Amino acid sequence: MAAKTTWEFIQEVGLNVDPDTQEKTAVNVSFSFMQGGRMVQLNVPLLTIVPIPYIAIHTIDINFKASISASSSSSSENSENTSMGGSAEITAGLKVGPFSMNAKMNANYSSKKDSKATEESKYSVEYTMDVAVKAGQDSMPAGLAKVLELLGNSLDVSDPKGTLEVNNTRFILTDANDKARLIATYKDSTGLLNPENLTIEGSGIGAEDFKISDDSKVIDLPVGKYTVKAGGREVEIVVESRQGGDKPA
């Protein structure tokens, strides 16, 4: 999960994905500032200036606590049946003169005892578990460190209007039939080489003659004056002819 978090951060924060080609490019942060009396623009990859989450779990502490409570109750009741019986018979007589009377009496007794016993017990158990996870920023993998190093080396200061460079602004031909080879290079405001934005104006040439070669544009120019443009920059080019000991026009 930690590795996945790192990957998702790089994908979602540090990279742009072209919806058509699915090509991935690094997200750059660009801002302007004053340097040497002129305004310049700094272009820096976002991944080099923000911390990349690379979390690793160092220790896990698990504490288990349990409490057991018990309660019991008991009750007893005696119920014992004991039956004892007995009888006694008493006879008595009385005679007075011509009269006589007899009396007879009986006596019984019994005893009873009940016994009953019950017992009840109750137990309850309660437990808690404490889990403590200690994590921290782990050391960066060698591959990712190398990527960030390369991105850091790409940090570039550029001109907000771009930078236009040519191999020469004034050419001198010794033969009027010769041509001067012009090589022009343009970096846009982000510091990216962008030869497609280069254009040239002048007599006797066509736009199709200004052809891309690697990261530059190349054209062979006859004698004349020309203007190379790109972005907000332009450069004047002069091609002159010097025959024999003549001075340049």
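**Entry 1**

I looked up Val-133 and found it in strand S8. Strands are DSSP runs of E with at least two residues, numbered from the N terminus. This is a predicted model, where local features need pLDDT of at least 70 and side-chain atom pairs count only at pLDDT 80 or more, while totals for chains, interfaces and linings use all residues. I number residues from 1 along each chain as its sequence is written, and side-chain values use heavy atoms, with hydrogens and water left out.

Buried means under 20%, exposed over 50%, and partly exposed in between (1.4 Å probe, protein chains only).

Val-133 belongs to a nonpolar surface patch with Ile-57, Ile-60, Ile-62, Phe-64, Val-125, Tyr-127, Met-129 and Val-131. Together they have about 980 Å² of accessible area. Strands S5 (55-78) and S8 (115-137) each give two or more residues to the patch. S8 gives the most, with five residues. Patch residues have over 30% relative accessible area and no salt bridge, and nonpolar side chains are joined within 5 Å. A salt bridge is a side-chain nitrogen of Lys or Arg within 4 Å of a carboxyl oxygen of Asp or Glu.

**Entry 2: Ala-135**

Next I checked Ala-135, also placed in strand S8. Ala-135 counts as partly exposed because its relative accessible area is 47%. Which residues does Ala-135 touch, not counting those up to four places away in sequence? I listed Ile-55, Ala-56, Ile-57 and His-58. Contact means heavy atoms within 4.5 Å. Ala-135 and His-58 are 77 residues apart in sequence, yet 5.3 Å apart in space, C-alpha to C-alpha.

**Entry 3: the cores**

I then turned to the largest nonpolar core, which has 19 residues. Such a core is a set of buried Ala, Val, Leu, Ile, Met, Phe, Trp, Tyr and Cys residues joined through side-chain atoms within 4.5 Å. Those with the most contacts inside it include Leu-182, Leu-221 and Val-239. S12 gives the most to this core, with four residues. A second, separate core of six residues includes Ile-10, Ile-52, Leu-144 and Leu-151.

**Entry 4: Thr-227**

Last, I found Thr-227 in strand S16. Thr-227 is buried, because its relative accessible area is 13%. Its side chain makes a polar contact with the side chain of Glu-236 (3.1 Å). For that, a pair of N or O atoms must lie within 3.5 Å, and within protein one must be able to donate a hydrogen and the other to accept it.

Methods. Patches are made of residues with over 30% relative accessible area and no salt bridge: like charges are joined within 9 Å, nonpolar side chains (Val, Leu, Ile, Met, Phe, Trp, Tyr) within 5 Å. Accessible areas come from the Shrake-Rupley method with a 1.4 Å probe; for residues, only the protein chains shown count as cover.
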